[in-house]
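I opened this model to look up a handful of local features and wrote down each as I went. The entries below follow the order in which I checked them.

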Amino acid sequence: MGTRVKDVFVKNGVTFRGTDTCKIKLPSGEVILDNDRASHIVGRHVFGIYEYDGQADPTVFPKYLTMREIVILIKKTIEEGEVQCGSIKPLGDGTIRVSMEKTFPELRTDRYTSKTLRVVLEYNPKKGLYRIITAYLKWLGR
């Protein structure tokens with residue numbers, strides 16, 4: 001399953017546009033999704049195999065969305081979403097982590113799950129590319 005998700009993502013050719021509006025300037029660059037991170041997204045945020053205090057994980061995508069539709073939402077968030085300046089964190093190995101968000105009013109979600117998709121990227125300046133760490137619908141709390 002992870003490879004299929006990865007293939008669909010690569011075929012869509014996603015590029016992060018970069019930002020200079022935050023304290024740390026991030027250049028534009030290609031975005032990749034490796035099998036490990038694809039497995040995490042599919043397992044936790046698509047199939048919802050984890051629980052939160054004995055209840056279903058509220059960050060799970062609605063069941064009516066296909067995998068392709070989820071990939072398109074992730075792509076739109078990376079390309080059109082708002083960089084969360086407060087989320088930019090330099091990591092010890094030189095990589096930089098950044099979150100992006102985009103709201104999709106057309107999504108049908110429950111009362112605990114927002115319509116805002118958050119995608120977390122990690123930038124590797126040595127390789128000049130971004131890697132998706134995770135992608136999920138924000139939790140509104142209980």
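I took helices (H or I, at least four residues) and strands (E, at least two) as DSSP runs, numbered from the N terminus. I noted that this is a predicted model, in which local features need pLDDT of at least 70 and side-chain atom pairs count only at pLDDT 80 or more, while totals for chains, interfaces and linings use all residues. Residues are numbered from 1 along each chain as its sequence is written, and side-chain values use heavy atoms, with hydrogens and water left out.

Staying with helix α2, which covers residues 35–46, I listed Arg37, Ala38, Ile41, Val42, Gly43, His45 and Val46 as buried. For burial I used relative accessible area with a 1.4 Å probe and protein chains only, buried being under 20%, exposed over 50%, and partly exposed in between.

Next I looked up threonine 15, which I located in strand β1 (residues 15–16) and which counts as partly exposed because its relative accessibility is 39%. I found its C-alpha atom separated by 7.0 Å from that of serine 28, 13 residues apart along the chain. Leaving aside neighbours within four places in sequence, I recorded contacts (heavy atoms within 4.5 Å) from threonine 15 to Gly29, Glu30, Val31, Ile78 and Glu79.

I then turned to salt bridges, meaning a side-chain nitrogen of Lys or Arg within 4 Å of a carboxyl oxygen of Asp or Glu, and the count came to 8. Arginine 131 pairs with aspartate 34, with the closest N and O atoms 2.8 Å apart. This pair links distant parts of the chain, since arginine 131 is in strand β8 (residues 129–139) and aspartate 34 in the loop between β2 (29–32) and α2, 97 residues apart. Arginine 131 is partly exposed at 24% relative accessibility, and aspartate 34 is partly exposed at 21%. I also noted that Asp34, Arg97, Glu122 and Arg131 are linked in a network of salt bridges.

In helix α3 (residues 67–80), glutamate 79 and lysine 75 are separated by about one helical turn because they lie 4 residues apart, and their side chains meet in a salt bridge at 3.4 Å, N to O. Glutamate 80 forms a salt bridge with lysine 102, the closest N and O atoms being 3.4 Å apart.
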